[in-house]
Amino acid sequence: MGGNPPCASCKLLRRRCAEGCIFAPFFPADDPVKFANVHKVFGASNVSKMLQDLPVQQRADAVTSLVYEANARVRDPVYGCVGAISFLQQQIAQLQMQLAVAQAEILCIQMQQESISLPLILEDMGSKPLVHAELFPFANYGSTSHAYGEAPKRESMWA
Amino acid sequence: MIALLPQTSSLMFNMTVKGGTSQACASCKYQRRRCHDDCAMAPYFPPDRLKQFLNVHRLFGVSNVQKHLQRLHESQKSEAMKAIIYQANARERDPVYGCLGVIVRLQREIEYTQRELNLVKCQILFYQQQSDFQARKEHHQRQQMTSFIGESCYQATEYGDVIELNSNGHMTQEYLNSSSFQQSMIPCEIDLKDFNSQSFYQATPDQDYEDIKPFDQFFFDAKDDINDYKDAYESSAESSFKEVQSADHVPEEELKSLQPSILAK
């Protein structure tokens, strides 16, 4: 009466574990809880039908996902794994909001820098140095005749 | 005898199954059984939701869903059914991974968004550090060439003298009265090497001070300053002053001699 020891599913279902048992590769006898949860949530017949509809190479992944969903449903009878999905979607929404705020801040900084660099660009082009004239009214610039006519202003020196 | 028109026959079928005018739920329709008023599936699977019911039936099975609902409180049943329907639809879309595939995709999206957020925050930090550095540089440069508010600072001229400036950037009264200023008699020269090697004053000892208009404005801020200036430039100023004085006091007799016809009466 030799033979392979029954897999966890056949043990739970109390049936002979056949040679080509569809559950045997995925539910070894040393982990009975794994199949128990899957059977409780989905039912052995439903899982069997689903695995039969899939190619052999994809069955392992399918069993993994079913085990995950079953365990989630046992932990949270109301929402199951959908609770985790909802949580992750909220996280994404928050991150996207933070990202939008940060990108807007970058735009503001870039616009500020462009407005500051504009007078310096004009200076390079040969027009009067607006920044220096405001800061230093005593400057002896040949081109800035207006500086001579102005009285020293306290505010402009500290502009 | 009721006429057996196609519409009527279907209506008759529905009436037969439900026992009223309303249609059977998708669950009872699929199972071809009578849909009672207290049908547990009726609230969640109206007649137009057949596909959803089929997904749930394929994944969970009707009996499993009913057993599961029985274990829950009445207030939780609606939410639980929504989650079950969502899970079943996800499995129908992706027969291999189902909801797990959705979770993995969401986790990847979170990682990607977080990385993007970190990048943008690094950029903001970089810009802030840049502007802080620029502000500190300008502040340091201002410190070197002018005084602080309410304090005096000492600025060295290129001739080696140290002049004292007040908060307005003008020479203090003490300095104007000092012997070092009297002896130097040079304009305040502020060498701004930090500002593109340009200095405020290009004045040299040989230059005529009257041409330096900013220098005049720089000194003659108060009436006392004028007197000090007079003392400092005694030789030339005094003589011109005397000439003005003499011109103002021409004797009346001399005026009369010039225009006797006008003055004599």
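Contact means heavy atoms within 4.5 Å of each other. Keep that in mind for chain B. Take its contacts between residues at least 6 apart in sequence: 36% of them join residues at least 24 apart.

Now the ground rules. This is a predicted model, where local features need pLDDT of at least 70 and side-chain atom pairs count only at pLDDT 80 or more, while totals for chains, interfaces and linings use all residues. Residues are numbered from 1 along each chain as its sequence is written, chains are lettered from A and ligands numbered from 1 in the order in which they are written, and side-chain values use heavy atoms, with hydrogens and water left out.

Chain B, then. It has 13 helices and two strands. Both are DSSP runs, numbered from the N terminus: helices are H or I with at least four residues, strands are E with at least two. Chain B has 265 residues, and 34% of them count as buried. Buried means under 20% relative accessible area, exposed means over 50%, and partly exposed lies in between, using a 1.4 Å probe and protein chains only.

Look at helix α4 of chain B, residues 62–70. Which of its residues are buried? Val62(B), Asn64(B), Val65(B), His68(B) and Leu69(B). They sit on the same side of α4(B), because they cover an arc of only 165° around the axis. That arc is taken from the directions from the helix axis to the C-beta atoms. What covers them? From chain A, the cover includes α2 (32–41), α3 (44–53) and α4 (56–75). From chain B, it includes α2 (26–31), α3 (50–59) and α5 (74–93).

Next, helix pairs. Two packed helices are described by the angle between their axes and the distance between the axes. Axes here are lines fitted to C-alpha atoms, for helices over the stretch in contact, and angles run from 0 to 180 degrees between N-to-C directions.

First pair: α3(B) and α5(B). Their axes come within 8 Å and cross at roughly 85°. That makes α3(B) roughly perpendicular to α5(B). The cut-offs: under 35 degrees is roughly parallel, over 145 roughly antiparallel, 65 to 115 roughly perpendicular, and the rest oblique. The contact of α3(B) with α5(B) has five nonpolar, four polar and four charged residues. Ala, Val, Leu, Ile, Met, Phe, Trp, Tyr, Cys and Pro count as nonpolar, Asp, Glu, Lys and Arg as charged, and the others, Gly among them, as polar.

From α2(A), Lys34(A), Asn37(A), Val38(A) and Val41(A) take part. They meet α4(A) residues including Leu66(A), Val67(A) and Ala70(A). By class, this contact has six nonpolar, two polar and two charged residues.

Cysteines now. Cys17(A) is buried at 16% relative accessibility, and Cys81(A) is buried at 2%.

Last stop: backbone angles. Arg14(A) is not a glycine, yet its phi is positive, about 55°. Arg14(A) lies in the loop between α1 (8–13) and α2 of chain A. It counts as exposed, at 78% relative accessibility.
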